[in-house]
Amino acid sequence: MRFLSRNYRSRKAIVQKGTTILTSRPFAYALSSYHRYTHCDHCFNKDKKLLKCSGCQYVSYCDRLCQKESWKIHKAECPNLKRILPKIVPDAARLLARIVIKLQQGGADEKDSYGNNMYRRFKDLMSHYSDVKKDPKRVDHFLTLCQVLEDYLEGMELPNPAELMGIYGRICVNSYNILDTDMNSIGVGIYLGPSVIDHSCKPNAVAVFEGTRLMIRAIEDIPQLDWSLIHISYIDILNTTRTRREELEKTYYFTCDCEKCKEPEPYATAAMCTSCKSACDATKEHCEKCQKLFPLNFKKEFNEISEFTVSTLESMRNTAYLDLSKKCLEKQENVMHPLNIQHIRTVESAFDASVNLGYWDDAENYGNELIPGYLYYYGETHPITGTLFLLLGKIQLHLCKDESALETLKKADEILKITHGEKHIVVRENLKPLLFQAISEVSKGK
C-alpha cells in the first residue's frame, strides 16, 4: 500500500473527493474458474493470446513474467491441479488452499500498512469464529471445502480444523470480489490494509480495481484521514433496507444502523397511483397524495406482479433473457413506480440482454430508463453509474447519435475521474478515446 496524496501529512487536512486514499495488493487471491481461459491467472488481464501453464494446463498467463511472478504460490498447486484434472477446483477452495500455502511459506509475517505505524497481518483480520460455528450453512460449506482440500492438497500437511475454520472465517468476512473494467466479478481476494474500513449503505468512498490492485477512493469530501470516518459498501446498495440488513447480518454478522438504513424508503417497494402517477403504498385504500381510491383489485394485481417479478428475476440470475424481461416490464407498466427496485432490476436485465444480443436501439432505451434509478440509489458519483454512462455513450456512438453520445460520455467522465481517476485504464483506454471520437464526429456534423 502507498499513499498518493500530500493531504495525508496532516490528520486535519480534508480528503477531497477523487483522492486515492490507499492502494493495496492482495495477500491472496484466485481468479474465477469461469474466466480461466480468458484472463491471466496472475494479473487478471483479459487477453486472447494467453499461454497455458505447461505443467498443469489449468491456468494461463499473459507472458513469462506473469508466470514467474505467480510461481511462488503456483508451484505448490500446479502438480495438484494437474493430478485432479478434469475436475475443476471450486473458487473458494482454491483461495483457501492458496492462503494455507502462503502461510506455510511464511506469509503470516506479511504486513500491509494503511497509515503511519498502522498495519495489518492476516491474523489481525476478524474471523468471527464463534458466529461461523453457529451458522449451519457456513459450517456445511466449510466441511465441504475441507473434503475438497484434502483431495486437492493430497500429501500436504493441513492446519488443524480450528485453525482452518479461522482461515475460512477470515475469507467469509474480509474478502473482496475483484471486478473487471465493466464492474463484473472475475475473482476474489484478501486485502489486509483495506480490511480496516467499515461499511455504510451510504458510503463516502469506493473500492475500484485495476487488475488485482485495489484502490480506495473518496467520492465525497472527508473532514480528515480518520478511518472511523471512511466507509465503503460491502454489498450492492440497490436494495431495500430490509434486504440489505438481512444480507449484512447473514454474511458479515452485524446489523447495519447507518444513515441510509434509518431513512424512509418512499419508492423502494412503491406502486404507481392510477390517477396521479405518484409513488404510493399498494396496501392502502387510496393514494396519499391525490386521495383517490385505488381500483378494487389494485392490491392483488400489484402483489401478483411483484411475485411474478421475483420469480422471473430469480430465473434470470445467471443469464438475462430479453423476452422474459420485456414480458415482466409489460406487466409492471402503470402498476409499479419507476423507482421501485424490482422494476429497476428488471430494466437492468432487459438492458444486459439487449447488449448481449446486439440490439442497440433497445439497449439505448433501457439504458436511458436505468439512469434515474441508478442516480437515486447509487448517488451521482458511483462507479456503477459512471460505467452505465460509459456503455450508453458507446452504444449511442454506434447508433450514430453523436451529440447524445458526447453528452452521455461527458457525464461518464465527470463520474469516473472521481471514482477511478484520470490514469485508470477505464478512463485512459476506454473513455477518453470514445470522447475524442464523439467530439470529432460532432465537429464534422457542424
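View 1. The coordinates shown here and in the following views belong to a predicted model.

**View 2. An open sheet of 3 strands with antiparallel pairing.** The strands follow the order β1-β11-β10. Because β1 (20–24) and β10 (205–210) stand at the edges and have a single partner strand each, one side of each is left without a neighbour in the sheet. Neighbouring strands of this sheet are turned against each other by 20° on average, with direction ignored. Strand β11 (residues 213–218) pairs with β10 over 6 bridges in the antiparallel sense, and Met215 in β11 is the residue that Val208 stands opposite.

**View 3. The largest cavity, with about 50 Å³ of space.** Searching the whole structure gives 2 cavities of 30 Å³ or more. The lining of the largest cavity is made up of Leu179, Asp180, Thr181, Met183, Ala207, Val208, Phe209, His420, His424 and Val426, and β10 contributes the largest share of this lining, 3 residues. By class, the lining of the largest cavity divides into 6 nonpolar residues, 3 polar and 1 charged. Since domain 1 (19–36 + 88–252) and domain 2 (259–445) both give residues to the lining, the largest cavity lies between them.

**View 4. The second largest cavity, with about 40 Å³ of space.** Leu31, Ser33, Arg36, Asp41, Tyr58, Val59, Val89, Asp91 and Arg94 line the second largest cavity. These lining residues divide into 4 nonpolar, 1 polar and 4 charged.

**View 5. The second largest pocket, with a volume of about 450 Å³.** The lining of the second largest pocket consists of 22 residues, among which Lys202, Lys260, Tyr376, Tyr377 and Gly379 lie nearest the centre of the pocket. Two helices, α6 (241–252) and α11 (360–377), each supply at least two residues of this lining, which by class has 10 nonpolar, 5 polar and 7 charged residues. Both domain 1 (19–36 + 88–252) and domain 2 (259–445) give residues to the lining of the second largest pocket, and therefore the pocket lies between them.

How values were computed. Residues are numbered from 1 along each chain as its sequence is written. This is a predicted model: local features need pLDDT of at least 70, side-chain atom pairs count only at pLDDT 80 or more; totals for chains, interfaces and linings use all residues. Side-chain values use heavy atoms; hydrogens and water are left out. On a 1 Å grid over the protein atoms alone, a cavity is a set of points where a 1.4 Å probe fits but cannot get out, and a pocket is an open set with protein on both sides within 12 Å along at least five of seven lines; lining residues have an atom within 4 Å of a point. Grid points are joined across faces, edges and corners, and a volume is the space filled by probe spheres set on the points. Helices (H or I, at least four residues) and strands (E, at least two) are DSSP runs, numbered from the N terminus. Ala, Val, Leu, Ile, Met, Phe, Trp, Tyr, Cys and Pro count as nonpolar, Asp, Glu, Lys and Arg as charged, and the others, Gly among them, as polar. Domain bounds come from an automatic or database domain assignment. Two strands pair if DSSP finds at least two bridges between them. Axes are lines fitted to C-alpha atoms, for helices over the stretch in contact, and angles run from 0 to 180 degrees between N-to-C directions.
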